[in-house]
Amino acid sequence: MALTHDSENLPSVAALFAEMGIALPPVTGETLVTTSPVDGAQLARLSQHSTADGQAAIARAETAFRAWRAVPAPRRGQLVRIYGDLLRAHKEPLARIISLECGKILTEARGEVQEVIDICEFATGLSRQLHGLVIATERPGHKLLESWHPMGVFGQITAFNFPAAVWAWGTMVALVCGNAAIWKPSEKTPLTALACTLLFEKAAAEFGDAPDHLVQTLIGGAELGVLLAEDVRVPVLSATGSTRMGRDVAVRVAGRFGRAILELGGNNAAIVTPSADLDLATRGIVFSAAGTAGQRCTTLRRLIVHESLRETLVARLKAAFASLTIGSPLDEASHVGPLIDGQAYDAMQAALASARAEGGKVSGGERVEVPGAGHYVRPALVEMPAQTDIVREETFAPILYVLSYRDFDEAIALQNGVPQGLSSAIFTRDVREAELFQSATGSDCGIANVNIGTSGAEIGGAFGGEKATGGGRAAGSDTWKNYMRRATNTINYSNELPLAQGVKFDIG
Ligand code: NAD
């Protein structure tokens, strides 16, 4: 039996899979038991892959790559298009699996599937736009070009909090670029990964001539991520997760001269200036800080508010946090679902204790009782006297630290004064402040928004951040170049052999 579902309150995983025309594979060997953050119920028992399975998967992916790279890119795009259509047809059951398994509220889970569909559209269009350059050459009768080629096996390690979208950012683009892909999803969200992969196999069957094992998934723990990081047959590896994980993966990949795309932790801030539209700012702040129960890499964790507004804004935010409905993510009325597990709850309480010890005044943050064994909390607002050690850390839970500033330079210094560099925002109606914030002397983050929160990026722009966020960029814009190798080509169509830089080397 693949399933040992022990909750009568949750929809059956088997039924949701059946709705999508797929089935959970039979269980053999080592097993991984998945539980739902919704109520702590056991969701499924799945076979775990061993490192030997991982090695074999890489060998199969190499074979798949050799066939796939020869398929014209626009044809490769058609496979991704078919996959997007399939997801459109199965959006609701897949969203429910995501809600059940990672605890995000249904509207956000549907948004996540929509993001995968959007990425499929983006990648399909991209499959007709992969392009190189023709560059002016200094030599007569010559042509100088840059062309782009697939890399080989694309490895991907992903986090629990975006169990489908982050995979699609990388893999859909990597596929149209001509790579084969291996995915090591979070051990906390293997069901979403299985559903995505089994649906992909259906798309491949409809496509007709895709090589076998073009997309494979390895179910298990960090050891499988380590395997991908160390194996020289995986020339490009994308890793999304904590900065701790990225620090380890980066060194392993660099040690074998691989390419790493790192998407790591954030510690995102919003500056609220005296001219801000406070209604708009309040709405933007509450969604960014409390949405997804504070478990987005782009979650708003620090508010840097002008001292003249602090009291008013804090009062508004306290009222807004108190009015949020905390409850099962499967209930359409809930704004905030559970934390992923008890460890996340403990980490949140430990952070609040540190904040208190460092002079913080905490409101909220307490456990909210919801039937079952899930870990539900009210988002916390913590007024801090300064940007202390705990404020400079990412705690993956809904804690919003409030800091105040007097002059704008101080606000920018606070915004940039943390190790991470993912997302940032400013709420202002002053064009000089907005422009400065987005200029070279403003925010040092990969994302810098004006009058919009720190979370909820669109797929069209490159996504990622600097410093301890890892420097990687996934998804939109020209990030496809991360998934390809560049070749510079010189062609001589003359009868002479002039050397570059005028070098003479005559023989005979
Ligand atoms: P995590 O680092 O615990 O795990 C992420 C993945 O890495 C999992 O698949 C895990 O098995 C694997 N892993 C862990 N240690 C590893 C190692 N040493 N070598 C190889 N693989 C290893 O992160 P999490 O708790 O799942 O996710 C939350 C974190 O992810 C937060 O820090 C969040 O900010 C970050 N995140 C970043 C982005 C982004 O795009 N920047 C997006 C989503 C999440």
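Modeller: An oxygen atom of the ligand lies 2.6 Å from an N or O atom in the side chain of Ser242, a polar contact being a pair of N or O atoms within 3.5 Å. Glu394 has a polar side-chain atom 2.6 Å from an oxygen atom of the ligand, and for the side chain of Glu263 the distance from an N or O atom to a ligand oxygen is 3.4 Å. The protein buries 91% of the 850 Å² that the ligand exposes when taken alone (Shrake-Rupley areas, 1.4 Å probe).

The model is predicted, with local features needing pLDDT of at least 70 and side-chain atom pairs pLDDT 80 or more, while totals for chains, interfaces and linings use all residues. Residues are numbered from 1 along each chain as its sequence is written, and side-chain values use heavy atoms, with hydrogens and water left out.

Around the ligand there are 28 residues, of which Lys184, Glu187, Ser242, Asp248 and Glu394 come nearest; a residue is near if one of its heavy atoms lies within 4 Å. By class, this shell has 13 nonpolar, nine polar (Gly among them) and six charged (Asp, Glu, Lys and Arg) residues. Helix H8 (222-230) and helix H9 (243-255) each supply at least two shell residues, helices being DSSP runs of H or I with at least four residues. H9 gives the largest share, four residues. Because domain 1 (55-263 + 478-487) and domain 2 (268-459) both give residues to the shell, the ligand lies between them; the bounds come from an automatic or database domain assignment.

Note on methods: Polar contact = N/O pair within 3.5 Å; in protein donor to acceptor, adjacent residues only side chain to side chain.
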